[in-house]
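Biologist: Could you walk me through this model, taking the contacts one at a time?

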Amino acid sequence: MADSATASSPLKVIAGADSFGAELKDAMVSHLRSHNIEVEDLGITSYYNIGAEVGRRVSSATTSPSVETRGLLACGTGVGVGIFANKFPGVFATTCLTPDEARNNRSINNCNVLALSGMSTSADTAKEIVDTWLNTPFKAPCPASKSQPWPEEISNFFDESMNEMPKIGASENTQAETCAVCCLVKNRELNPIDIIPGGSMKILRESPTSAIIKFKAGSVEPAHHHTFGHCLLVMKGKKSVWNLSKKERYDLGDGDYLFTPAGDVHRVKYYEDTEFFLKWDGKWDMFFDEDLETAKIAIEKELANGSA
């Protein structure tokens with residue numbers, strides 16, 4: 001197995017799974033790391049949330065040529081995670097049950113997100129699939145080409161497809177005239193969050209739980225963590241989230257989405273009055289890892305230094 005998929009740029013793999021694919025995902029993460037490949041493991045949550053989060057991150061990374069970023073997902077069948085990863089432009093996720101399928105999908109589809117079946121694929125077979133996926137270039141000879149180079153006409157078609165496919169649906173106006181999430185909070189009174197000044201929340205549904213949350217401009221959430229992973233969608237406003245566990249910063253505005261895995265310590269700064277939709281599995285909990293004043297000092301220092 002090569003230490004990277006290409007000789008010209010380093011490789012990073014973003015991994016995640018649901019409960020049915022967790023064991024296989026963990027085995028593949030260990031396999032990749034044993035070959036000195038950088039892996040960002042997003043952990044375990046529902047197949048649709050983890051598929052979307054890996055897809056979003058791979059899609060965002062396609063604009064950075066310095067590092068090749070791919071995604072590795074696993075669920076029961078390998079199909080569900082792939083469906084939601086493919087909702088993001090520039091993502092070509094495919095479910096592969098054999099090494100030959102991985103070779104075909106790399107050659108023909110330039111597959112950059114591999115979806116595995118936790119119920120149908122053994123760890124040994126999955127390693128073969130992953131190795132084949134990593135080491136097969138786009139347009140390489142494969143079983144579909146009878147292990148021969150593709151004819152020039154088909155090779156040119158594959159090149160054109162990489163430019164044309166991301167454009168499909170881009171010009172269509174798919175946004176509803178009225179935001180359904182915004183309608184949920186209309187005419188509802190939000191309750192103050194006593195433990196964080198400037199915040200208010202309204203629970204909309206229990207198990208899985210969803211809520212509308214508001215924070216006033218200037219508010220700060222001290223570093224904290226939850227026993228659950230959560231997804232948020234910014235309805236309006238502007239905020240920054242520092243994931244201290246992963247040493248990453250996310251600047252979010254209207255319409256932006258972020259998934260934070262269970263246990264990840266994060267702090268938040270609100271630059272404008274901000275409303276967002278939050279969804280998580282289980283009951284609400286919140287464990288603070290610092291006090292408010294410590295958080296404010298740390299954020300001021302980071303913003304002044306321009307660091308993430």
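**Rings, strands and a helix**

Modeller: I would begin with Lys 239, whose charged end sits over the ring of Phe 276, 3.8 Å from its centre (the rule asks for NZ of Lys or CZ of Arg within 6 Å of the ring centre and within 35 degrees of the ring normal). This is a predicted model, in which local features need pLDDT of at least 70 and side-chain atom pairs count only at pLDDT 80 or more, while totals for chains, interfaces and linings use all residues. Residues are numbered from 1 along each chain as its sequence is written, and side-chain values use heavy atoms, with hydrogens and water left out.

Biologist: And what stands opposite Lys 239 in β14?

Modeller: Tyr 270 stands there, and β11 and β14 (residues 266-270) pair in the antiparallel sense over 5 bridges. Strands are DSSP runs of E with at least two residues, helices are runs of H or I with at least four, and both are numbered from the N terminus; two strands pair if DSSP finds at least two bridges between them.

Biologist: In what order do the strands of that open sheet run?

Modeller: The order of the 5 strands is β12-β11-β14-β9-β16, with antiparallel pairing. Because β12 (248-252) and β16 (287-288) stand at the edges with a single partner strand each, one side of each is left without a neighbour in the sheet.

Biologist: Is Asn 243 buried or exposed?

Modeller: Asn 243, which lies in strand β11 (residues 239-243), counts as buried at 4% relative accessibility (buried is under 20% relative accessible area, exposed over 50%, partly exposed in between, with a 1.4 Å probe and protein chains only). Its side chain reaches the backbone nitrogen of Ser 245 at 3.1 Å, and a polar contact of 3.0 Å joins the side chains of Asn 243 and Asp 264. A polar contact is a pair of N or O atoms within 3.5 Å; within protein, one must be able to donate a hydrogen and the other to accept it, and residues adjacent in sequence count only if both atoms are side-chain atoms.

Biologist: Switching to rings, how many aromatic pairs are there?

Modeller: The count comes to 10 aromatic pairs, where rings of Phe, Tyr and Trp (its six-membered ring) pair if their centres lie within 6.5 Å, and planes under 30 degrees apart count as stacked, over 60 as edge-to-face and the rest as tilted. One of them is the edge-to-face pair of Tyr 47 and Phe 84, at 6.0 Å centre to centre and 65° between the planes. Tyr 47 lies in helix α2 and Phe 84 in helix α3 (residues 79-85), so this pair ties together parts that are 37 residues apart in sequence. Another pair, Tyr 270 and Phe 276, is stacked, with 6.2 Å between centres and 10° between the planes.

Biologist: How enclosed is α2 by the rest of the structure?

Modeller: It is largely enclosed, because 12 of the 15 residues of α2 are buried, among them Asn 49, Glu 53 and Arg 57. Tyr 47, by contrast, is partly exposed, with a relative accessible area of 36%.

Biologist: Last one: where is Asp 254 found?

Modeller: Asp 254 is in the loop between β12 and β13 (257-260) and, at 55% relative accessibility, counts as exposed. A polar atom of its side chain lies 2.9 Å from the backbone nitrogen of Gly 237.
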